[in-house]
Amino acid sequence: MHAIHKFFSVIIILSSTTSCGNKISKRIKADVIPTQDSTIIITDTVAAVKVYDSLQIFFGEKLSVPYDSIYNIKLYGFIKENLGKKCYGNSKSGFSCEGFLPKLYAEVYQIDFPVVPAMQMRFKNIELFKDSSYLKQGDVIFFNYSLKQPDKISHTGFYLQNGYFLAATYNEGIIISNLNNKYWSKHFVAAGRLNITFKPEDKE
């Protein structure tokens, strides 16, 4: 009878030295198989490294940041998978733009986050601030498009790095844009940081 192997994932730290002599570490997720003698067989590490490196290169260039600042493979893997996808209004018939941010927090951080932007701003575990220079990866950004309703929160985004954030838009779908863009900066209201302890690999 053939043995049935149960795979599970671990984070592996790989160390390497750059051409300048600087030592860098990479976090990769690899599948492992427990054996009868309690040893561990690591599988697909080469494939995992290639995926990790491709995410570092892709987002390092897109966000204009050093490659080694892209280390949360779960977050950036999720973004890469959804980038460019079309979304719709708050409708059950399609991929909801409003539901995208809660989906990200649920899948990447295991956080149950409200769907409605106004409710997100009133989330019990969020700390609000208005100074955009204080932004860190994982923060929520709040926008208001209505001149007649200055207190209304019309849209939200997920902050990444270096002024860039992730947005779910009706016209372009899931995109990465820059908060310094005249359109976004004009409608920026505030930002919020969730007062929930993330896992070490999730922190910026």
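Author: Let's start with handedness: α2 and α3 cross in a right-handed way. Bear in mind that this is a predicted model. On the α2 side, the contact is made by Lys-74, Leu-75, Phe-78 and Asn-82, and they meet Phe-100, Lys-103, Leu-104, Glu-107, Val-108 and Tyr-109 of α3. Sort those residues by class and you get six nonpolar, three charged and one polar.

Now the geometry. Helix α2 covers residues 73-82 and helix α3 covers residues 100-109; they pack at an angle of about 140°, and their axes are 9 Å apart. Antiparallel would need an angle over 145 degrees, and the pair is therefore classed as oblique.

Next, look at which parts of α2 are tucked away. Its buried residues are Ile-73, Leu-75, Tyr-76, Phe-78, Ile-79 and Asn-82. Leu-75, Phe-78 and Asn-82 are on that buried list, and they also belong to the α2 side of the contact with α3. As for the spacing, an α-helix has 3.6 residues a turn, so residues three or four places apart point the same way.

What about the two ends of α2? Leading in, there is a loop between α1 (45-62) and α2, and Ser-64 lies in it. Phi of Ser-64 is near 55°, which is positive in a residue other than glycine. Most residues other than glycine have a negative phi. On the way out, α2 is followed by Gly-84, which also has a positive phi, near 90°.

There's another positive phi elsewhere in the chain if you're checking backbone angles: Asn-162, a residue other than glycine, has phi near 55°. Asn-162 sits in the loop that joins β6 (155-159) to β7 (164-169), and its relative accessible area of 44% makes it partly exposed.

Finally, the confidence. The chain has a mean pLDDT of 77, with 66% of its residues at 70 or more. Among the elements, strand β8 (residues 173-178) has the highest mean pLDDT, 95, while strand β3 (residues 40-43) has the lowest, 48. Two stretches call for a separate mention. Over residues 15-25 pLDDT stays under 50, and the model has 13 contacts beyond four places in sequence for them. Residues 199-204 likewise stay under 50 in pLDDT, with 15 such contacts in the model.

Technical notes. Residues are numbered from 1 along each chain as its sequence is written. This is a predicted model: local features need pLDDT of at least 70, side-chain atom pairs count only at pLDDT 80 or more; totals for chains, interfaces and linings use all residues. Side-chain values use heavy atoms; hydrogens and water are left out. Axes are lines fitted to C-alpha atoms, for helices over the stretch in contact, and angles run from 0 to 180 degrees between N-to-C directions. Helices (H or I, at least four residues) and strands (E, at least two) are DSSP runs, numbered from the N terminus. Angles under 35 degrees count as roughly parallel, over 145 as roughly antiparallel, 65 to 115 as roughly perpendicular and the rest as oblique. A crossing is left-handed if the near helix is turned anticlockwise from the far one by less than a right angle, and right-handed if clockwise. Contact means heavy atoms within 4.5 Å. Ala, Val, Leu, Ile, Met, Phe, Trp, Tyr, Cys and Pro count as nonpolar, Asp, Glu, Lys and Arg as charged, and the others, Gly among them, as polar. Buried means under 20% relative accessible area, exposed over 50%, partly exposed in between (1.4 Å probe, protein chains only). pLDDT is the predictor's confidence in each residue, from 0 to 100.
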